[in-house]
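Subject: Structure handover

Hello,

Here is the structure for you to look at. Please open it first, then read the notes under it.

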Amino acid sequence: MQANLAIASPSRDNIIFAVKWAASIIQIMGYTATGFGWTPWNLYLFLIGVVGWFAVGVLWKDKALMLVHLVALGAMLAGMTSG
């Protein structure tokens, strides 16, 4: 008799759930860092959160969500490289 040793993999919904909550928490940390004047840490946190939400937009095939976060990412990178 052979045992079934299949390894459970996380479902797509579980991955999306984890990414959107992690990105949200990281963005909240970015807002907190901004409030306390913790520069440049606030920008790094925002970058991670924006990329996370862009990934969620891709996984959901939500073009509006992708657009908003792509524009935010571009604006942040432009600002970070200009000064």
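The model is a predicted one, so please read the values below as computed from it. V71 has a relative accessibility of 53% and counts as exposed, because the cut-off for exposed is over 50%. Between the C-alpha atoms of V71 and V50 there are 9.8 Å in space, although 21 residues separate the two in sequence.

Next, the packing of α2 against α3. Their axes come within 8 Å and cross at roughly 155 degrees. An angle over 145 degrees counts as roughly antiparallel, so α2 is roughly antiparallel to α3. The crossing of these two helices is left-handed. On the α2 side, the residues making the contact include L43, F46, V50, W53 and W60; on the α3 side, L65, H69, L73 and M80 are among them. Sorted by class, the contact of α2 with α3 has 19 nonpolar residues, two polar and no charged.

The other helix pair is α1 (residues 12-35) and α2 (residues 41-60). Here the axes are 8 Å apart and the packing angle is about 155 degrees. Helix α1 is therefore roughly antiparallel to α2, and α1 passes α2 in a left-handed crossing. The contact of α1 with α2 has 15 nonpolar, seven polar and two charged residues.

Which residues make up the largest nonpolar core? The five are I16, A23, W53, V56 and L65. At least two residues of this core come from α1, and at least two from α2. As background, nonpolar side chains tend to be buried together in soluble globular proteins.

- W53: leaving aside neighbours within four places in sequence, W53 is in contact with K20, A23, S24, Q27, W60, L65 and H69.
- Q27: this residue is found in helix α1. Is Q27 buried or exposed? Q27 is buried, because its relative accessible area is 14% and the limit for buried is under 20%. With neighbours within four places in sequence left aside, Q27 contacts F46, G49, V50 and W53.
- W60: this one lies in helix α2. W60 counts as partly exposed, because its relative accessibility is 42%. Not counting residues up to four places away in sequence, W60 touches R12, I16, K20, W53 and L65. The C-alpha atoms of W60 and I15 are separated by 12 Å, and the two residues are 45 apart along the chain.

Two points of backbone geometry remain. As background, most residues other than glycine have a negative phi, and most peptide bonds are trans.

- T39 and P40 are joined by a cis peptide bond, with omega about 5 degrees. P40 is found in the loop between α1 and α2.
- K61 is not a glycine, yet its phi is positive, at about 60 degrees. K61 has its place in the loop between α2 and α3 (63-82). With a relative accessibility of 68%, K61 counts as exposed.

Regards

Technical notes. Residues numbered from 1 in each chain as written. Predicted model: local features only at pLDDT ≥ 70, side-chain atom pairs only at ≥ 80, totals over all residues. Heavy atoms only, no water. Helix = DSSP H or I, 4+ residues; strand = E, 2+ residues; numbered from the N terminus. Buried < 20%, exposed > 50% of the residue type's maximum accessible area, 1.4 Å probe, protein only. Contact = heavy atoms within 4.5 Å. Axes fitted to C-alpha atoms, helices over the stretch in contact; angles between N-to-C directions. Parallel < 35°, antiparallel > 145°, perpendicular 65-115°, else oblique. Left-handed = near helix turned anticlockwise from the far one by under 90°. Nonpolar A, V, L, I, M, F, W, Y, C, P; charged D, E, K, R; others polar. Core = buried A, V, L, I, M, F, W, Y, C linked by side-chain atoms within 4.5 Å.
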